[in-house]
Amino acid sequence: MRAPLGPRRFPLPVSIESAEPHRVSPEERAAYLDFAIGLAAKAGEVILPQFRRRLAIESKAESDYDPVTEADRAAERAMREAIRRRYPDHGILGEEFGHRPGEGLTWVLDPIDGTRGFVMGLLHWGTLVALFDGQRPVVGVIRQPVLDETFAGDGSRAVFVQGGGSRPLVARPCSELGDALAGTTTPDMFRTAREREALGRIEGAARGMRYGTDCYLYAMLAMGHADLVLETRLKPYDVQALIPVVEGAGGVITDWRGGNPAMGGDVLAAGDPRVHEQALACLA
């Protein structure tokens, strides 16, 4: 019998989940989204002067290549300081400096999602900012500062902002998995036989598969240029900012069994609910 798929998580040393979500009014949600957009822009101001420069690169893992640079750390420090000044009671979970407990809401930060691409001078990376209510992210932002692109959402709507202008993000219709353009960051993240089998089934069913995308593929899915993303071994700061953007554009993002993906692990995103349903069946 085939081993069951998901949900699996890769736990953090702390928990930011709660039994009940912290309530956020529509007015608060709008203010938080504006603040999140500003946070991502602030991170970009710190990162851009260091892009395509010769930076010292460290690896955070002894047995794997998990690079980090001073650009990652400086950007997260800048965002943390801005949160501390504006919302001193809120918690913070960041990839580089861990968890600072708060009351009710937690900002979830990845200063450079796609550091491997960043250190190679490529463009498939971005700053991720989310606000977590204990169960789901209520707002999310993906920012690519080199291109001056911001993708922001609150779960019910999503927008693309560039050069002072904005327009709605709308995922494209795609009724059949066989017509879907799919992608994942790297096949290397699928390490077990179970994970590789899952990737192979999706790769065999989809029209095409693209690698090397990190957070940027989720932005392209929300913009209507891609149809499906399959990933595993994600952390909360890898995925939370993506959820309100994908859902706000009309897409669907879950774990591999259709559950809440906010705490990471196995993640499946689709621009069209029909393709998402077919991909879940393909994984089951």
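Contact here means heavy atoms within 4.5 Å. The legends below describe close-up views of a predicted model.

**View 1. The open sheet of eight strands.** The strands follow the order β4-β3-β5-β6-β7-β8-β9-β10, with mixed pairing. At the edges stand β4 (98-100) and β10 (165-168), each of which pairs on one side only. Direction ignored, neighbouring strands of the sheet are turned against each other by 15 degrees on average. Strands of a sheet pair through backbone hydrogen bonds, in either a parallel or an antiparallel manner.

**View 2. The pairing of β9 with β10.** Strand β9, which spans residues 158-162, pairs with β10 in the antiparallel sense over four bridges. Gln162 stands opposite Gly165, a residue of β10.

**View 3. Helices α1 and α2 against the strands.** Helix α1 (residues 26-47) lies across β5 (106-113), β6 (126-132), β7 (137-144) and β8 (149-153). The helix runs at about 30 degrees to β7. Helix α2 (residues 70-86) packs on the sheet and touches β3 (91-94), β4, β5 and β6. The direction of α2 makes about 155 degrees with that of β5.

View 4. Leaving aside residues up to four places away in sequence, Arg80 touches Ile92, Leu93, Gly94, Phe97, Gly98, His99, Arg100 and Leu109. A polar atom of the Arg80 side chain lies 3.4 Å from the backbone oxygen of Phe97.

Technical notes:
Residues are numbered from 1 along each chain as its sequence is written. This is a predicted model: local features need pLDDT of at least 70, side-chain atom pairs count only at pLDDT 80 or more; totals for chains, interfaces and linings use all residues. Side-chain values use heavy atoms; hydrogens and water are left out. Two strands pair if DSSP finds at least two bridges between them. Helices (H or I, at least four residues) and strands (E, at least two) are DSSP runs, numbered from the N terminus. Axes are lines fitted to C-alpha atoms, for helices over the stretch in contact, and angles run from 0 to 180 degrees between N-to-C directions. A polar contact is a pair of N or O atoms within 3.5 Å; within protein, one must be able to donate a hydrogen and the other to accept it, and residues adjacent in sequence count only if both atoms are side-chain atoms.
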